[in-house]
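Please open the structure in your viewer and follow the stops below in order. Each stop names a selection and says what is found there.

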Amino acid sequence: MVDYCERHDVPLFVVSHGHFMNEYDELADDVREKVDETLDAATKVLCVSDALAEKAGERVSRSKVEVVPIGATPSRYPVERRDELREELGIDPDATVALFVGEFCERKGIPELAEILPTLDLPNTEFVFVGHGGDEEWTLRRALSSSPFSARHVYTGITSLALRRWLAVADVLVLPSHAEGRPTVIYEAMAAETAVLSTTVGGVPEQVADGETGVLIPPGDTDRLRDELTSLSADRERLREMGRRGRERLVEQGWTWDDHAERVHRLHREALE
């Protein structure tokens, strides 16, 4: 794309969601070279979070960098059908549903979840894991088999529709990541009025108002993860209030796909003009 844009004199926009900025120092030399070449040629570098924009500013002129959050569309999440969906999915109406969404890997905090699952005493909590593979999948499955929780809700490769249903059903999204940009699934949880339990990494603290729309803990802190899961699971009303505030925050901050489209359209039009 760099060669094409230079030959035809058209703007080049680069979008960063996290990986190449967060893992820059760990990239192979030839990959870093290509990243730098692309950033240098870019008209604009669009970052999904303030934290990523800071990192991008270390590689290119800060005048090139724009924070352009992505988001979620609240109307696509069937929160009004929560009770009906629970019945369809075989979930006890009084159970607390803790949902994980992401790759089953170390970076997403699966080892920490696997460590605490056998030690948790949460008789009225249902865990749901939605992933797309990863080298920690069987670590998770083994942990569930030695825990009081069922492995019946461990999914790989579900549809977007099915994921939106689970987000609407869930009481809390659990995402104990070690590194992130601004995770799309947190926007989706906010749109679905689902509270968030996550970590103080990357752009997550920009999304989650700690104590208001969710709870943030240090990455890798299994004791805090266990304690917060235990506390939150016992207080569904607190989770519901956090979820409601999360949806309000999503709309107030303009973290929807319509808002995202408007920002991108404006930046592209300015570049063309």
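Which residues of helix α7 (residues 137–145) are buried? This is a predicted model, and in it the buried residues of α7 are Glu137, Leu140, Ala143 and Leu144. Look down the axis of α7: these buried residues fall within an arc of 130°, so they line one face of the helix. Now select Trp138, Arg142 and Ser145, which are exposed on the other side of α7.

Next, keep β5 (125–131) on screen and go to the largest pocket, where β5 gives two or more residues to the lining. This pocket has a volume of about 530 Å³. Select Gly102, Glu103, Lys108, His132 and Thr184, which are the closest to its centre of the 27 lining residues. Besides β5, the elements giving two or more residues are α2 (19–22), α8 (160–169) and α9 (184–191). The most come from α9, with 3 residues. Coloured by class, the lining shows 8 nonpolar, 12 polar and 7 charged residues.

The last stop is the second largest pocket, with a volume of about 190 Å³. Select its lining, which includes Val14, His17, Phe20, Val35 and Leu39. Here β1 (13–16), α2 and α3 (29–41) each give two or more residues. What does the lining hold by class? There are 6 nonpolar and 5 polar residues, and no charged ones.

Methods: Residues are numbered from 1 along each chain as its sequence is written. This is a predicted model: local features need pLDDT of at least 70, side-chain atom pairs count only at pLDDT 80 or more; totals for chains, interfaces and linings use all residues. Side-chain values use heavy atoms; hydrogens and water are left out. On a 1 Å grid over the protein atoms alone, a cavity is a set of points where a 1.4 Å probe fits but cannot get out, and a pocket is an open set with protein on both sides within 12 Å along at least five of seven lines; lining residues have an atom within 4 Å of a point. Grid points are joined across faces, edges and corners, and a volume is the space filled by probe spheres set on the points. Helices (H or I, at least four residues) and strands (E, at least two) are DSSP runs, numbered from the N terminus. Ala, Val, Leu, Ile, Met, Phe, Trp, Tyr, Cys and Pro count as nonpolar, Asp, Glu, Lys and Arg as charged, and the others, Gly among them, as polar. Buried means under 20% relative accessible area, exposed over 50%, partly exposed in between (1.4 Å probe, protein chains only). The arc is that of the directions from the helix axis to the C-beta atoms.
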